[in-house]
Amino acid sequence: MKKLLLGNHAVARGCYEAGVKVATAYPGTPSTEITEAIAKYDEIYCEWAPNEKVALEVAIGASIYGRRAICSMKHVGLNVAADPLFTVSYTGVNAGLLIAVADDPGMHSSQNEQDTRNIAKAAKVPVLEPADSQECIDFVKIGFEISEKFDTPVILRLTTRVAHSQSVVEEGNREEIVFEYKKDIQKYVMMPAMARVRHEFVEKRLRDLKEFAETLKINKIDTGTKEIAFIASGIAYQYIKEAYPDAWVLKLGMVWPLPEKMIKDFCSKFDKVYIVEELDPFLEENIKALGINNIVGKEIFKLTGEYSPSFIKKSIENREIDIPYKVNQALAPRFPVLCPGCPHRGIFYVLGKLKDIIITGDIGCYTLGALSPFNAMDTCVCMGASVGMAHGISNASDKKQKVVAVIGDSTFIHSGITGVIDAVYNGSDILVLILDNSTTGMTGHQDHPSTGYTIKGEQAYKLDLATLCKILGCSVVEEINPYNINENLEKIKKLIDVPGVKVAIARAPCRLHRRYKFAVSKRYIDSQKCKNCKMCLNLGCPAISIKERVFINENLCLGCGMCETICKFGAILTQKG
Amino acid sequence: MKERLNILVVGVGGQGNILFSKILGDVLLRVGYDVKISEVHGMAQRGGSVVTYVKAAEKVFSPLVDIAQANFIIAFEKLEALRWIEYLKKDGLLIYPDYEIPPISVITGLYKYPDVEKILQEIGVKTCKVEIKNLLSSLGDSRVQNTLMLGYFSRFLSIDESLFKKSIENNVKKEFIEINLKAFELGRKIESV
Ligand code: SF4
Ligand code: SF4
């Protein structure tokens, strides 16, 4: 039966049908749903790993043992996994190994725009790029076949628009695939003598793959009726088909390595061929390197952000589109905010009050602490970076600058731990604030080693962060309640002045998480007592707003009570009943 | 050939526009369209401005609805109706509710919440304003705003009501089916202004 399926769910479906046995990931938008959807299939072992490097290593193990495996991540995660990636390219696989990487053109939820094809080329592994959900299913299967046929890991590259779009698919059945494990140290132990041999193999494999690309069915030509020609892959292909339905298009299902003869042949038929690709001029440069010169690429198409059919049209025809309705005034921006009742709010309210302190931030819901009304964050670079950066800043200032690193529980496990070890080892004077909401909040509530649950919701060993930090050698480890605003202000000030690496774990579960139950006692503002001083608005709580007077929207209020603590006039009260 | 539908569903993170699109997309698929839906995830969900695209035609390529291409914009919040108005095609229809969620930039006094009705009138957009505020409190659950709006919107498509209801049943968690069906029915009967 035909049904609508999200691109990521289609990748999961493809894995199920392809007989995948092991699936691993660290959650990251836009890739998260792949693994979440796989977790619903009992036939597949599935886990959240602490980070992408570990996730890939687990998948490599499964593949070598002879079971098909997938490891999923977002583009920045591939940087973390780059180390094992470059070497698994040498060892190759036994059963198929697929690495699904979702790029995020337009940075809907990422700290940079990065093109996975560049890393894949550097690691010398083939890349497939689907353009809709049906292709997601199909390309997963083709990816595993290529992986096994050529003894190589295969990258399945997605972009946000493919990962997060639903289109029509037809589902198939599962096929069990099992390869036998054979010990082979020449292949799987990469010490110099063996690695040298394998490098020769890798180069030959790339040449073989190039040959293979010429006949691979997913590299195909749509014949057109108009004298305009394109080369594209993935979502860009869809945009072209919409903008120029009667154009010639060479659609590349495999974007690395490239079918050189096919491309040369195609380009020789036209005066000019447009290469349409979001992000880097990857196809363009590699096609130019073949000595093909009648192509037009980034000189008219942008290097940043997402494309659209009208953008492509506009760039080619050099004309503006008519927009019938326009608003000629700046509209109030609607930035994302911490949810009503969010425990992070209490901490950022306090941090915003500290003067002359640098706050290094990290990736998660709490990155929103950088925005108004808190303005309580100075940096945000990558997962786990807050701790190392705090240590760096402290030392650069000869320990004169006070620094607080904030990091989430999931992020701390991902790559904050090693930063703390470094800071302790090198005698730093920083405060690390672990904002422990007992989940991975931003990506939609995934579990991790300190939540005590697996991806399937089964109970697991619960890593205790406080004990861990003590073992790492932190001078003070304290647990604080983020909702106690007044108390925490004093506590944090004090902790900042204690020598050594101090850790404060602000623990309160994410308010949106279904696992935790909260006693809700909604607040209201007593208009007799309220002086309309607007102090409570500084919490940036979506439930509190102002018309003429300050009021609390009872539909939104979750009764966390933080506003009550900060009102100096006792005007915020608890509703009865 | 079936009429091409380009629909934008806009609102604030958490208002359920992904579910709206899913149910709608499902119905359109059942009546023989090719359908694509593009959704938003991540940061935008924390109360930010969000948009979902629903496209239906004989054959759909791009999952995006492009600027000036939407024949319908369905807004779940008034200010968001304005924010995405460039996406509306000439003579397209904007459907929006009597419902305001002030952004933090307004709450903290940096910006004013605009006079949406007035601006819409000035730029001459064809609109249907849906009074749902009271209905929502009568239902006692603001989370069904999306099915309420779906009920209203369903009248603009000549598709049997039962198909929508079936799709609601298939896409909503069991315990919420009843209230969503009720909201849908209420929405279908709303008089707009
Ligand atoms: S999802 Fe949870 S952690 Fe994130 S802002 Fe909302 S309440 Fe806070
Ligand atoms: S802080 Fe208290 S007195 Fe001031 S506006 Fe808020 S409720 Fe009124």
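This report covers the sheets, ligand sites, cysteines and some backbone features of a predicted model.

## Basis of the description

Because the model is predicted, local features need pLDDT of at least 70 and side-chain atom pairs count only at pLDDT 80 or more, while totals for chains, interfaces and linings use all residues. Residues are numbered from 1 along each chain as its sequence is written, chains are lettered from A and ligands numbered from 1 in the order in which they are written, and side-chain values use heavy atoms, with hydrogens and water left out.

Helices and strands are DSSP runs numbered from the N terminus (H or I over at least four residues for helices, E over at least two for strands). Two strands pair if DSSP finds at least two bridges between them.

## The sheet built from both chains

Strands of a sheet pair through backbone hydrogen bonds, either parallel or antiparallel. An open sheet of eight strands with mixed pairing has the order β1(A)-β8(A)-β2(B)-β3(B)-β1(B)-β4(B)-β5(B)-β6(B). Its edge strands are β1 (2-6) of chain A and β6 (126-130) of chain B, each of which pairs on one side only. On average, neighbouring strands of this sheet are turned by 20° against each other, direction ignored. For such angles, axes are lines fitted to C-alpha atoms (for helices over the stretch in contact), and the angles run from 0 to 180 degrees between N-to-C directions.

Strand β8 (residues 165-170) of chain A pairs with strand β2 (residues 34-38) of chain B through three bridges, in the antiparallel sense. Ser165(A) has Ser38(B) as its bridge partner in β2(B).

## The five-strand sheet of chain A

Chain A also has an open sheet of five strands, ordered β9-β11-β10-β13-β14, again with mixed pairing. At its edges stand β9 and β14 (295-296) of chain A; each has a single partner strand, so one side of each is left without a neighbour in the sheet.

Strand β9 (residues 220-222) of chain A runs antiparallel to strand β11 (residues 248-251) of chain A, joined by three bridges. Here Asp222(A) has Val249(A) as its bridge partner in β11(A). Strand β10 (residues 229-232) of chain A is parallel to β11(A), with four bridges between them, and Ala229(A) stands opposite Trp248(A).

## Ligand sites

A residue counts as near a ligand if one of its heavy atoms lies within 4 Å of it. Ligand 1 is surrounded by residues from chains A and B, so the site is shared between chains. Chain A residues there include Cys339(A), Cys342(A), His344(A), Cys365(A) and Cys510(A), and Arg46(B) is also part of the shell. By class, this shell has six nonpolar, two polar and two charged residues. In this scheme Ala, Val, Leu, Ile, Met, Phe, Trp, Tyr, Cys and Pro are nonpolar, Asp, Glu, Lys and Arg are charged, and the others, Gly among them, are polar.

The residues around ligand 2 include Cys530(A), Asn532(A), Cys533(A), Cys536(A) and Cys567(A). This shell divides into nine nonpolar, one polar and two charged residues. Asn532(A) has a positive phi of about 55° although it is not a glycine, and its place is in the loop between β20 (523-525) and β21 (544-546) of chain A.

## Cysteines and burial

The structure holds zero disulfides over all chains, a disulfide being a pair of cysteine sulfur atoms within 2.5 Å. Buried means under 20% relative accessible area, exposed over 50%, and partly exposed in between (1.4 Å probe, protein chains only). Two cysteines of the ligand 1 shell are buried: Cys342(A) at 9% and Cys510(A) at 10%.

## Backbone features

Two peptide bonds are cis: Thr29(A) to Pro30(A), with omega near 10°, and Trp256(A) to Pro257(A), with omega near -10°. Pro30(A) lies in the loop between β2 (22-25) and α2 (32-38) of chain A, and Pro257(A) in the loop between β12 (254-256) and α12 (260-268) of chain A.

Asn318(A) has a positive phi of about 55° although it is not a glycine. Asn318(A) is exposed, at 69% relative accessible area.
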